[in-house]
Amino acid sequence: MGCDRWVMLVIPIIYALSNVSGELKRFEQPSKGDGSLSFLVIGDWGRRGAFNQSQVASQMGKMGEKLDIDFVVSTGDNFYDNGLRSVHDLAFEESFTNIYTANSLQKQWYSVLGNHDYRGDAEAQLSPLLTKIDTRWLCLRSFIVNAELAEIIFVDTTPFVKSYFQDPEDHIYDWRGINPRKHYIANLLKDVECALRESNAKWKIVVGHHAIKSVGHHGDTRELATHLLPILKANNVDFYMNGHDHCLEHISDTENPIQFLTSGAGSKAWRGDVKQLNREGLKFFYDGQGFMSVQLTQSNAEIAFYDVDGKILHRWNAFKQFGDHSSI
């Protein structure tokens, strides 16, 4: 039996509902005429331009034009410190619309929620009312983007982290739509596994807010390593992309081709907050602000990380031949 799903079409900023039947909504994102695909990845950014957010946005605009990007991916923690208060919160325009103003960034933005977003009105970010304010905005808990060459599954990782429920400290989380937590997580994992199993995309990408592997401040997310990672490995996922740690980072799995890519440096960075720099599989770590680009063709994927001045800090390529899942 196939996966039940929603299907939507993105052309290229406006999306339209075309089928309704299940849990994960699916969006169709056209690739370029030559079949290639390029996009930027940014996370942990919404600070009304402060902490170099505006400078990072400026460099994103320049690189977006150079690469002729098709869309932008946000890995969560979209609005600090405590998400949006409502759909009328001016932080949406002050931290998003008024910051990412370059022509090249006037493309669809696909966003997930981070833990800071859950500390406000989480459902506000999911509201179509925000899309009426800025048509680029598309944020759901979990969903799928079929970009022809690649299939990107966005996963709501915050509910996986048990400490947010058991020891929230002074924070108040908006768990509407999540409880009972175990049921929510079980259904989500089932949906993700089903989507990956049925995917015929050349490149399989999963995006979440929390890291599976990281040498940054937060480190590995144990719950994701236990429950999500085995599904990713079993279904030949090429890249897991995340934010949460305010850094740029690339870690290779030592037993599987999957690559772990952190892009959580959209504004405030944590200088010197690092652990395990001698970790096996670590290819790159940077504790300043910046972002990541992804360029895909049938046979090649190029990942690049940039600092606040637009300098390339790390570039890496993966190659595929005749449908094989292989990388270098």
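D253 is buried, with a relative accessible area of 8%. In the terms used here, buried means under 20% relative accessible area, exposed means over 50%, and partly exposed covers what lies in between (1.4 Å probe, protein chains only). Before going on, a word on ground rules: this is a predicted model, where local features need pLDDT of at least 70 and side-chain atom pairs count only at pLDDT 80 or more, while totals for chains, interfaces and linings use all residues. Residues are numbered from 1 along each chain as its sequence is written, and side-chain values use heavy atoms, with hydrogens and water left out.

**Salt bridges**

Back to D253: its salt-bridge partner is K233, with the closest N and O atoms 3.3 Å apart. K233 sits in helix α8 (residues 229–234) and D253 in the loop between β12 (248–252) and β13 (259–263), so this pair ties together parts that are 20 residues apart in sequence. Helices (H or I, at least four residues) and strands (E, at least two) are DSSP runs, numbered from the N terminus. A salt bridge here is a side-chain nitrogen of Lys or Arg within 4 Å of a carboxyl oxygen of Asp or Glu. Side chains of opposite charge can pair when their charged atoms come close.

The whole structure has 17 salt bridges. One of them joins the side chains of D70 and K32 at 2.7 Å, N to O. That pair links distant parts of the chain, 38 residues apart: D70 is in the loop between α1 and β5, and K32 is in the loop between β3 (24–28) and β4. R85 also pairs up, with D89, and there the closest N and O atoms are 3.3 Å apart. There's a network too, in which salt bridges link D121, E123, R141, D174 and R176.

| Residue | Relative accessible area | Class |
|---|---|---|
| D70 | 12% | buried |
| K32 | 19% | buried |
| R85 | 66% | exposed |
| D89 | 7% | buried |
| K233 | 25% | partly exposed |

**The annotated site**

The unreviewed UniProt entry has a "binding site" annotation that covers D44, D77, Y80 and H246. UniProt positions are given in the numbering used here, feature names are shortened, and such annotations may be inferred rather than shown by experiment. These residues span 203 residues in sequence, yet no two of their C-alpha atoms are more than 13.0 Å apart, so they gather at one spot. Among them, D77, Y80 and H246 belong to the lining of the largest pocket. The pocket search runs on a 1 Å grid over the protein atoms alone: a pocket is an open set of points with protein on both sides within 12 Å along at least five of seven lines, a cavity is a set where a 1.4 Å probe fits but cannot get out, and lining residues have an atom within 4 Å of a point.

D44 is in the loop between β4 (37–42) and α1 (53–67), and it's buried at 0% relative accessible area. Its contacts (heavy atoms within 4.5 Å), leaving aside neighbours within four places in sequence, include D77, Y80, H209, H244 and H246.

Y80 is in the loop between β5 (71–74) and α2 (91–97) and is buried at 10%. With neighbours within four places set aside, Y80 touches D44, W45, G46, R47, H116 and H246. The side chains of D44 and Y80 make a polar contact at 3.1 Å; that term means a pair of N or O atoms within 3.5 Å where, within protein, one must be able to donate a hydrogen and the other to accept it, and residues adjacent in sequence count only if both atoms are side-chain atoms.

Another cis bond runs from N179 to P180, omega near 0 degrees, and P180 lies in the loop between α5 (163–166) and α6. N52 isn't a glycine, but has a positive phi of about 65 degrees. E169, not a glycine either, has a positive phi of about 60 degrees; E169 is exposed at 61%.

**Cores**

In soluble globular proteins, nonpolar side chains tend to be buried together. A nonpolar core is a set of buried Ala, Val, Leu, Ile, Met, Phe, Trp, Tyr and Cys residues joined through side-chain atoms within 4.5 Å. The largest one has 63 residues, of which M60, Y100, L232 and Y240 touch the most other members. Helix α6 (residues 181–198) supplies the largest share of this core, 7 residues. A second, separate core has 35 residues, including W203 and I303.
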